[in-house]
Amino acid sequence: MPRRIGRPDPPPAASPDTELVDISVLVPVRNEGPHLAGTVASMQAQQFSGRIEFIFADGRSSDDTRAILEGFAVRDRRIRILDNPQ
């Protein structure tokens, strides 16, 4: 494998909508409405000196999971919600 000579590529710049993070925590969820408050509170209480994001992948929940997560995301910009249709 050839070695690259020179400086490494700089990391991508953060856009106004996003920040670079040190750790991403991915949590797949489906119909977890009753358990989300405790789960999110425990995640938010974690001590970490860097930047962290919490990504919830909603697997087409039929309960109030999505609405609950959206409420948390409004109050905590570290929380993101993705669709997980599979």
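Analyst: Let's start with one rule: two strands pair if DSSP finds at least two bridges between them. Strands (E, at least two residues) and helices (H or I, at least four) are DSSP runs, numbered from the N terminus. This is a predicted model, where local features need pLDDT of at least 70, side-chain atom pairs count only at pLDDT 80 or more, and totals for chains, interfaces and linings use all residues. Residues are numbered from 1 along each chain as its sequence is written, and side-chain values use heavy atoms, leaving out hydrogens and water.

User: Okay, so how do β1 and β2 pair?

Analyst: Strands of a sheet pair through backbone hydrogen bonds, either parallel or antiparallel. Here, β1 (residues 23-29) runs parallel to β2, with seven bridges. Val27 has Phe56 of β2 as its bridge partner, and Val29 has Asp58.

User: And which strand do five bridges join to β2?

Analyst: That's β3 (residues 79-83), again parallel. Asp58 is bridged to Asp83 there.

User: What's the strand order of the sheet?

Analyst: It's an open sheet of three strands, ordered β1-β2-β3. β1 and β3 are the edge strands, each pairing on one side only.

User: Why is β2 largely enclosed?

Analyst: Buried means under 20% relative accessible area (1.4 Å probe, protein chains only), exposed over 50%, partly exposed in between. Seven of the seven residues of β2 (residues 52-58) are buried, so the rest of the structure largely encloses this strand.

User: Which residues sit on each side of β2?

Analyst: In a regular strand, side chains alternate between the two faces of the sheet. In β2, Ile52, Phe54, Phe56 and Asp58 are on one side, with Glu53, Ile55 and Ala57 on the other, and all are buried.
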